[in-house]
Every structure is written in C-alpha cells, then in structure tokens.
Amino acid sequence: MNLDLNLIWFVLLGVLLTGYAILDGFDLGVGILHLFAKGDTERRIFMNAIGPVWDGNEVWLVTFGGALFAAFPEAYATAFSGFYIPFMILLFALIFRAVAMEFRSKENMTWWRKTFDRAFFAASLVATLLFGVAVGNMMLGIPIGPGFEYEGTMLDLLRPYALLVGLFTVSLFAMHGAIYLYLKTEGALQMRVRRWIWRAFFVFLLFFATTTAVTLIHVPTALYNFTHFPWAWIVVALTALAIANIPRCIHFDKPGWAFVSSACTIAAMVFLFGIAVFPDMILSSLDPEYSLTIYNAASSEKTLGIMLVIAAVGMPIVLAYTSIIYYIFRGKVKIDRFSY
C-alpha cells in the first residue's frame, strides 16, 4: 500500500465519518429513546442533554460531504444520484429533528408537545436506519453501470442485509445514547436509564452477532483485505475488548469509561467498514470494472494537495470548537426557563 494523497484523503474521510458517528450517534440515540421518558420534565431533560451540542455534531457530517465532493467528485456524484430519494428523506429527518427541538417548548399545549415528541423520535430513528442501510448497500455493492451511472431503483436498496445493518446501527446508537444519558442525568431517572443501558446492550449484542455472521456468509469479500493487511485483525480484537468493557464499566459504575468504550466500538466499526471496501469508494454489483475507487473517482493531485493544506488549518479549529463546547456544557442537565 503506497501512502499517496488519494489514500490520505480516504483515511481523512474515515476520520470525519468516525467523528460524526461517535458524536451524532449519541444524540440520535437520545432521540430514539425519547418516547421512553416519563412526562414532560424528563423529555425536556433528554432534549437539553444534547441541546448545546447536537448542531455542532452535525458539522462533521457537513464537512464529510464537502470533503467527499472536493476529493472524490465522481463518487459524490454517483452516490447522490443513486441515493437521491434516501438522501432527501435523510435531509428531511435531520430538519424535523431540529424543528422538533426548537419548537417543542414554545407552547404548553399537550397535543403540541406530543406531536413534536413523536416527530423527534421518528426523525432520529429514520436518520439512523438510513445511515445503516447505506452502509449495508455499500458493503454489498450497488448497480453501477458504464459512465459510473446508477442503474437501479430505490427498492433495490431495501435488501434484507442492508436493512439488517440498518437495525444494527439503530441498536448501536440507542446503546451509545443511553450511556450518554446516564452521564447527564441523576436520581431516579438515572437509575432507570441504567436499566435501559443493559437492555440496549443485549439488543446491540444480538444484532452485532447476527450481522457479523451474515456478513461472513453473504459478503465474503469483506475479509479479502484482511489477507493483505493482517495487522487489521488487531482492530478486530480491540473491538471485542471495547464491547466487553461496556458492561464491565456499567457494573462497576464507571459510565465515563463505558462511553469511551462505546465510542471506540463505533470507531472500530467505521474502520472495519473502510478496510472491507478499500480501495473502492462505491462497489459496482454489475461489474467490478465499473466500481469507483480512490483513484478513478479522485480529483487531481493538485486539488488533493491544496485540500490537505486547508484540512491542516481547519481540522484543529473544528476539534478546538468541539472540545470547548463540551467543556462549557459538561455536568448534569439543569432545567430553567431558557431550556428547550
């Protein structure tokens, strides 16, 4: 493997995707758990747990999209033409989440708040499911023909394996969100959230085992790169350790380390996805010759070089902004008249 600009940008896209999955993963998870809260106060606590950070988390998704467009424009164009309707649904889901959070507490009427509670839950669930379905389809490959044109329909994307990966992602983010809520709540609510973590963990474990087994049987090419890069098995071992550490930390009441382990699990999943598809950006299920790789889908070397300079300046700013926001809004959630 040669370390060139194409590979560097493939890795950087993975870093951006990892940052997004970890950070927006827990606030999507909080949205998925939202309807399990009892009463108006608890639901306000849930929303305010993620209120100061959710929009900053989505900066990582916007940055990922912008970097994909600039570094690999052919892959960007093919992905957006192939996933046009799912992307529109995803966009509406993310907008509805924002609208639900901003408008829910503007009126005291019960029907008003219940409507936005359901919208917040549904939008979080749909967005998470779509992310997982997209990953499942990328693993299987999609019908890309000559000229990198998508030749399928939306129904072609709703395959059982892709839906399974979608449900697996929902379970992963729900567990991640429950651990985050444990860090932000206290008292009786925190004890109830603790029980949710256990339930969410066992559901996640079930989907993890099922998805892994189905992947090994139906997507054998996912292991192809492990023969070329045997060091990648280290990440597999670290993934198992990270997953096993979650219940251990919850049992010994160390939720901070459980959250770190959950974040490491998500990072490992993104890495394993990347190593499974490399060097493809989008695998063609019609003919490997039509697949978009990090080389035939990339911008010129000059463009990639300029982007690298911009990233070197911009990434520290994003990391600093994210760190400052999380430091300022650390601690338990307190509800006041300015809260959501």
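**Secondary structure.** I counted 13 helices and two strands in the protein; helices are DSSP runs of H or I with at least four residues, strands are E runs of at least two, and both are numbered from the N terminus. I noted that this is a predicted model, in which local features need pLDDT of at least 70, side-chain atom pairs count only at pLDDT 80 or more, and totals for chains, interfaces and linings use all residues. Residues are numbered from 1 along each chain as its sequence is written, and side-chain values use heavy atoms, with hydrogens and water left out.

**Overall form.** I looked up the radius of gyration, taken over C-alpha atoms, against the globule rule of 2.2 Å times the number of residues to the power 0.38. The protein has 20 Å, which agrees with the value near 20 Å for a compact globule of 340 residues. Along the principal axes, the C-alpha atoms fill a box of roughly 55 × 40 × 40 Å. I then checked contacts (heavy atoms within 4.5 Å): of those between residues at least 6 apart in sequence, 80% join residues at least 24 apart.

**Burial.** I found that 49% of the 340 residues are buried, where buried means under 20% relative accessible area, exposed over 50%, and partly exposed in between (1.4 Å probe, protein chains only).

**L23.** I located L23 in helix α1 (residues 5-33). L23 counts as buried because its relative accessibility is 15%. Leaving aside neighbours within four places in sequence, I listed N57, W60, T322 and Y326 as contacts of L23. I also took the C-alpha separation of L23 and R337, which is 27 Å for residues 314 apart along the chain.

**N245.** I placed N245 in helix α11 (residues 232-251). Its side chain makes polar contacts (N or O atom pairs within 3.5 Å; within protein, one atom must be able to donate a hydrogen and the other to accept it, and residues adjacent in sequence count only if both atoms are side-chain atoms). The partners I recorded are the side chain of R248 at 2.9 Å and the side chain of S261 at 2.8 Å. Beyond four places in sequence, N245 is in contact with W257 and S261.

**Backbone details.** I recorded a cis peptide bond between F278 and P279, with omega about 5 degrees; P279 lies in the loop between α12 (255-277) and β1 (280-282). F148, not a glycine, has a positive phi of about 60 degrees and sits in the loop between α7 (110-140) and α8 (160-184). At 18% relative accessible area, F148 is buried. D253 also has a positive phi, near 55 degrees, in the loop between α11 and α12; at 45% relative accessibility, D253 is partly exposed.
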